[in-house]
Amino acid sequence: MMRMNRYIVCIPFLFLSSILFAQTSDNTLTRSPYSLFGLGVQSNSNIGTNSALGKGGIALESKNMINNYNPASFASIPEQSFLLDIGFLGEFNTISNSNGDESRLAASFSNLAFAFSINDSSGLGVSIVPFTDVGYSLVGITSNIEGSQDEFISSITGSGGLSDIRINYGYRIFDNVRVGIRASYIFGSILETENITTVDSYLDIIEENYYNGLRLGVGFQFDINDSYSMGLTTDLPTSLHSSQDRLVEKTLDNVLITVENEEDLFVTNFKLPLEIGFGIRAKPINTITINADYKMNMWGQTEQSDNIGQFVNQSIVSLGAQYKANERGFKYWQHIEFRAGINYDTGYLKVNNKVIDNYGFSAGLGLPINRKGTSMLNISYTTGQRGSVSGLLLQENYNLINVNLSLKDTWFQRIFFK
Amino acid sequence: MKSIACFVSIVCIVIIFISCSSEEESIPVIEVGQDFTNSNIRVMSIDTFSVELSTYKLDSVITSSTNRLLIGQYTDAIFGTVKSGSYLEFTPIEYDIPDDAELDSIALVLNYDGYFYSDTTKVSSIHVHKLSDEVVPEEDAFYNTSTIAYEEVPISSVNYYPRPYGKDSLHISIPIGLGQELFNQIRDNSITSDIDLRNELKGLALLPGETDDSSVIGFSIGNEETYLRFFYTIVDSEFEEDEQTYDLIINSSETYPTYFNAISSASEGTYFEPLIDQEINLPSSDANNRSYIQAGVGLITKIELPSIKNIYQISGTGTLMSAALTIKPPPQVYDDLKPISDSLFVNTIDQNNDIGAQLINGNGEVYALLNESNKEFNEIVYEIPLGVYVEDELSETPEIENAIAIFPQNFNNTVDQIVLEGENSDDFEAELIITYAIYDENE
């Protein structure tokens, strides 16, 4: 009966989560012009501590905080524990080209996740995290009117992004071996508006692309000994079903004409690649935890083309470290977790024969908010750079603040004691 | 249980927080687009869609009640001998002449209204004929081709040098004997109505000389400007003779027409000789690669865009952004004496070459406007914005062989002529320039 109740309680969470998604889908989590490409930029929103650890953690456990990077970690949720994570993301970026630069700010609620142990050997988690973010505005693009000396001017804006609702399940096979499976429902829409001005007329094209699809992944974690663990994740390739609504309007000799107003137009499905990740966790001394990940996303094998760039295999390397003075200390600061990380990402698109690579440095704090030190306010700051002035004549320097409220409590403990 | 309630309330607070957060500020803008990406849209300018110009002649042009008497004749190298004569009815405002009035003289006074075409430095003539039939149209109106029988011998004739901008009007003396009877009958109240009057005077025909080659002149129809005036004196006057006048005027306030101009051109030896029916088109290729317009006479330039639907052969999904037609009037054939209109009507015509509605777009009525910005290069051209027309043509199913006609605005009371370079002209090809945007490379 208790067990039943436990699941029933989850229902309002799912319900509220979907409302939350509906609320955030209109908000823009990025201002990156690079979100023009593909499905947008990969979201910088993360759960728990991953942001501060260089966006890595395939070998990390989910003891006090949800680690969404490997489903196997959910088996490590302590029995009768319930974990909740609410995240906010603030992005401040500076776009530079040869003419100057401009700063942009975006901030929003970014994610929600909860997880709990089912029994001694397994755990389950549900999360809603942004998958990609789109938010760009490119103006003053002049192009030649073919067959004449005249030019037309266009401006392109995009907004939206995709979200990922994910269920993770982890199971402990042996004391030191955990396996996990995850199922993601990836969905969302990207709105792109292009308006062009010729000598005497205007043309507006408003395209909203809808995507949705399921993706499965598996994970594995192995504790070599108390100090070293390794992890492995694989996400299967999938194809996101795509459709498009398109509204085309123009003025012709000063008459406003709707050229087209179509829904559910066919567009080629967007393929997500096979992703393989490998990570290790090391605890050389008791106060320091180090994580290192390597991830390979086989975009090149999706054999799809973007009208601007070309998809190439993407490698992501991350390295993170965490320091906690004394888990059993009596002073507050001894319970603060200090984190730092670096991340390098080769990017998955080659534009003008240049990859849009991306690197970031992060630092963060985990501030305990309960006496046991299990619930924390995690704050991280990441600074990074995407693209370069030399390549696409456009460099983006971004600064991210991730704030995650990671709460842990025990299920029905008092009831059990009764 | 408490802890779960706590979680739920946190989530609720988050929801409220988000719901209350203000709308996103608009996405900032930096002009980084140019080097960063290209437009998704291709825009092209296409001038290869064929344009076909031809000339046809309206079976008739309504010329009654057009606020002008158009009289004269000239011979043009292209248009042949162009001739216009006026037929009109004169009636008084009231049938009242003093009993003791004695007729002194009669004069037909015609006042210029400023319009002229061709050479006014040459002497013109007007022959005044009495009509032998009444000015009554067969239908509701008279046409340029209408005529009314008149007495062979003119009652008066005048040779004159037209002064279309002058203050003086043209006086044509009418022999007194021709009006004496009429004057007496009105004075003696034996003519008291228009019906009575028509038994005596059905009207006048004012015709140019058969051999005139000068100009066509416009005269006013205003009652103060143009009239048949009887000068008379009151005999009983004790001291000095008191000269007074009694006018017959053109009554333009009637619902039926009281005057019209017969306008014609002798087409023998011209390109227009075959145009004996409105449905016959004279392609520009058969007329010195040109097309022609003449008001009054009824010559109209017809423009067809026979291959416009080939625009659908351009791969991808696209839409028309603009369509502009440019046609050049050859400068050798117009001058100050034979000027061209700077704006022409642009109307649709059907398969029978009957004129339909004027084209309309978002700026109002469509006109062919003379663009003189390249005057120094002798490139004065008519420009016609045809975007809306072409858009309609493209979307039209089933296909109807539509065309447009261009002609001067004063088409029924002038003889304005225009020559246009056709699609195969050596000097300047009539050309349709289409701007077309492809927004989806797939069909």
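Let's start with chain B, which is divided into domain 1 (17-57 + 275-439) and domain 2 (69-257). Those domain bounds come from an automatic or database domain assignment. On the domain 1 side that touches domain 2 in chain B, the residues are five nonpolar, six polar and two charged. Here, Ala, Val, Leu, Ile, Met, Phe, Trp, Tyr, Cys and Pro count as nonpolar, Asp, Glu, Lys and Arg as charged, and the others, Gly among them, as polar.

A word on the source. This is a predicted model: local features need pLDDT of at least 70, side-chain atom pairs count only at pLDDT 80 or more, and totals for chains, interfaces and linings use all residues. Residues are numbered from 1 along each chain as its sequence is written, while chains are lettered from A and ligands numbered from 1 in the order in which they are written.

Back to the two domains. In chain B, 13 residues of domain 1 are in contact with twelve residues of domain 2. Contact means C-beta atoms, placed from the backbone, within 7 Å. The C-alpha centres of these chain B domains lie 44 Å apart.

Now chain B as a whole. It has five helices and 27 strands. Both are DSSP runs numbered from the N terminus: helices are H or I, at least four residues, and strands are E, at least two. Of the 443 residues in chain B, 42% are buried. Buried means 20 or more other C-beta atoms within 10 Å of a residue's own, exposed means 12 or fewer, and partly exposed is in between, with C-beta atoms placed from the backbone. Take the contacts in chain B with a separation of 6 or more: 81% are between residues 24 or more positions apart.

Strands S19 (residues 343-349) and S20 (residues 355-358) of chain B pair antiparallel over two bridges. Pairing requires at least two DSSP bridges between the strands. Asn347(B) has Gln358(B) in S20(B) as its bridge partner. Five residues sit between the strands, and Asn353(B) takes a positive phi near 65°.

Over to chain A. An open sheet of three strands runs in the order S14-S17-S18, with antiparallel pairing. Its edge strands are S14 (310-311) and S18 (354-355) of chain A, each pairing on one side only. Two bridges join S17 (residues 349-351) to S18 in chain A. Val351(A) is partnered with Lys354(A) in S18(A).

Last stop: Asn119(A), in strand S3 (residues 100-119) of chain A. Is Asn119(A) buried or exposed? Exposed, because 11 other C-beta atoms lie within 10 Å.
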